[in-house]
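Visitor: Please show me the model, and then take me through it by way of a few questions.

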Amino acid sequence: MTHRVHRRFLASRVRTKKEIWRPDLSFHITKCNDTIIIEYSITTHSIQFVSIANHLQASAPVTFAAPNIFRFMFAARLRQQSLVLRPLTRSYSSIQKMAPKAAKRKAESAPKTSTKEVKRRKSTGSYEDELRKPHPWAKLAEENGIVQRKYYPPEMSTDRARAYIEEGLLRPMEELVRMQREYSEAINKVPDGDAMVHWFKSDLRCSDNKALSLASARAQEAGVPLIAVYLVSPQDFEAHITAPIRVDFILRTLKVLQDDLSKLDIPLYIETVDKRKQLPNRLMELMDEWGANHLFANLEYEVDELRRERGIIKSLADKGKSFQVVHDTCVVAPGELKSGSGNQYAVYTPWYRSWVAHIHNNLDLLELFDSPAKNPAKTRATLKHLFGCDIPSAPKGKTLTAEETKRFHAMWPCGEHEARKRLDKFCDERIGEYDDKRNIPSHAGTSNISVHLAAGTISARTCVRVARDRNKSKKLDGGLQGIQTWVSEVAWRDFYRHVMVRWPQVCMNKPFKPEFANVEWVYNEDHFKAWCEGKTGYPIVDAAMRQLNHTGYMHNRCRMVVASFLSKDLLLDWRKGERYFMENLIDGDVPSNSGGWGWSAGVGVDPQPYFRIFNPLRQSERFDPDGDYIRKWVPELKGLTNKEIHEPYGRGAGDKAKKNGYPKPVVEHAAARNRALAAYKAATTSDM
Ligand SMILES: Cc1cc2nc3c(=O)[nH]c(=O)nc-3n(C[C@H](O)[C@H](O)[C@H](O)COP(=O)(O)OP(=O)(O)OC[C@H]3O[C@@H](n4cnc5c(N)ncnc54)[C@H](O)[C@@H]3O)c2cc1C
């Protein structure tokens, strides 16, 4: 009977043929309609998922080792950690023996992995301990500021990264979803309380904000006020390497947000919490103070945030309260799109096709969420103490000089109204030529909306919706080419978030392709300094770095050029460049930055292959043919001809360049290229 039910259930629900089993689970068996589901917990044991796809076809009977489990085994691991029971077909021990072989399964769209860890797991018998061992070069990562030991453990081993790839470790998102499921029944019964609370994080806007909209609707339904809260966490700014320019942008935006909310009689309570670990407790204390039982927030997909939110779900549920944390920042939520083999795509183009099709099939994904409704009029009196909070100044280490403050405020007006203005102007005036002009750094051909997407002053959904509505076609892959291309760029942002959720190691200083953790980077401080300061002797690289240092922004084409130059021409650890970007970008965004660096350094998801190395000279000639961009940012080269400017020392303008203090190239490209090819190649054959 179970078998029959199971098959029907699988037919409707299972999107994957990748069937997984692990021997050391603890179980929770429930019935959902007419289907029996096993949920597993991963609290205590070492974690080892092994594909048994082939074994499922076998027919020998079995006795399962765990006490309360009948003669069953798993047939599938469903999306939300539900496992459907199926009559056992092989003995526990025989499956265990076969596991390593099965682990060699072909993951169509997952990064290639070796079977080394599986063998090692088998030989040591202490897989969990082994996974905790740091990478042999962890000290280097620490000394070079890549891993901040004040907040994080040493760099993880390549085996641990592989365990995420091979589904040997539960991902933070899965842990969170599991927690949500565990408490869903209890949460549904939580009484309204005296207020609803929306917790702002990187969603600093009133329009089209899902969690805020839900919180407001619930407040209206319950007839209680909505309270908004933002907790400034200096340690999170430090741990996440948030650039001072970005911190300033966030703090300025809070004022706009506070004013907007105030017009709706909604207070925005702002407080600084010195210790990041204290933040959840403080949030809960505030809820107690306000008599609030329900907290709403949008999900952020970085590991720290997912783990923190998971903890808050549990802590609040244990107190009889609820935390609803929902997908909002992506147009399509991570996990929604699967390749034909049921895996997360690791290649952008098929992923994008699937993204477009998914939206076409679910047009409500482009419906915008209502702005919050006005609070009851008496709120101003009853919650008087929560209105008009001071906006804190930037914490230590994140301050700007007076000159920077003036410059950045003029360059980067903040707030959601400014974001929308910028989007509309771009769509009215420039989106049509986006396809042609987006790669020319001297031309304002892109939207410059990234700063707003990073702060959440506009949603990706609104961007796509507004662009689509300007198109002749309602199809995202139809109509005007400029609009199609722009939408496909916004989709990259979703893509990198989907990748981070599935392969969280990319958020933890590991390359997507594990073998590239073995590249022997050169830690040459002089070269790194020259790169940071825009003094490498490669004009296009220097112009780009100076643009970054002066404005907190860099054109996308140039981001690719300088990242390739750092990781390949200089053979510096790409993670130092990744960090420098976060330290300086106003639009610093962990998934996009890590994705962009992985792509450019050839170590990431769907990357530029490592043997395709950008030639900075060719890039310069192609994308800045008249040298306008270089002239703007490298004034030492202003007087050079269009030909000389790309390579002053190689094209007879060395004397002029030298006289104006412009440096000679720090490396010779052809030799550097060969060195990089050798180092990358060695890494792919290394046995570390
Ligand atoms: C090494 C490297 C590091 C990067 N770091 C970041 C970062 O920290 N934050 C960030 O927002 N983007 C990053 N990008 C992506 C891209 O450079 C910027 O999003 C883009 O330059 C922002 O300018 P814009 O808003 O005018 O973009 P437009 O060309 O107008 O594109 C619109 C939006 O689409 C998204 N987008 C476009 N290209 C990409 C891309 N390649 N990857 C992800 N999203 C994209 C952005 O949200 C962007 O605002 C990085 C790219 C590289 C190569």
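Visitor: What end-to-end distance does helix 23 have, and what span should it have at 1.5 Å a residue?
Guide: This is a predicted model, in which local features need pLDDT of at least 70, side-chain atom pairs count only at pLDDT 80 or more, and totals for chains, interfaces and linings use all residues. Residues are numbered from 1 along each chain as its sequence is written. Helices (H or I, at least four residues) and strands (E, at least two) are DSSP runs, numbered from the N terminus, and the expected span is 1.5 Å times one less than the number of residues in the helix. For the 14 residues of helix 23 that should give 20 Å, which agrees with the distance between its end C-alpha atoms, 19 Å.

Visitor: Which residue just after helix 23 takes a positive phi?
Guide: The phi in question is about 50°. The residue that takes this value is Leu 571.

Visitor: Which helix gives the most to the shell around the ligand?
Guide: The ligand is surrounded by 28 residues (C-beta atom, placed from the backbone, within 6 Å), the closest being Thr 446, Ser 447, Ser 450, Asn 593 and Gly 596. Two or more residues come from each of helix 18 (450-455), helix 20 (481-502), helix 23 (556-569) and helix 25 (590-601). With six residues, the one that gives the most is helix 25.

Visitor: Between which domains does the ligand lie?
Guide: Domain bounds come from an automatic or database domain assignment. Residues of the shell come from both of two domains, so the ligand lies between domain 2 (331-371 + 401-502) and domain 3 (514-684).

Visitor: Is Gly 588 buried or exposed?
Guide: Gly 588 sits in the loop between helix 24 (574-584) and helix 25. Its contacts (C-beta atoms, placed from the backbone, within 7 Å), leaving aside neighbours within four places in sequence, include Thr 242, Arg 246, Ala 454 and Asn 593. Gly 588 has 21 C-beta neighbours inside 10 Å, and therefore counts as buried.

Visitor: How far is the C-alpha atom of Gly 588 from that of Val 451?
Guide: Along the chain, Gly 588 and Val 451 are 137 residues apart. Their C-alpha atoms are separated by 7.8 Å.

Visitor: Is Asp 606 buried, exposed or partly exposed?
Guide: Asp 606 lies in the loop between helix 25 and helix 26 (616-623). Although it is not a glycine, Asp 606 has a positive phi of about 45°. There are 18 other C-beta atoms within 10 Å of Asp 606, so this residue is partly exposed.

Key: A residue is buried if 20 or more other C-beta atoms lie within 10 Å of its own, exposed if 12 or fewer, and partly exposed in between; C-beta atoms are placed from the backbone. Two residues are in contact if their C-beta atoms, placed from the backbone, lie within 7 Å.
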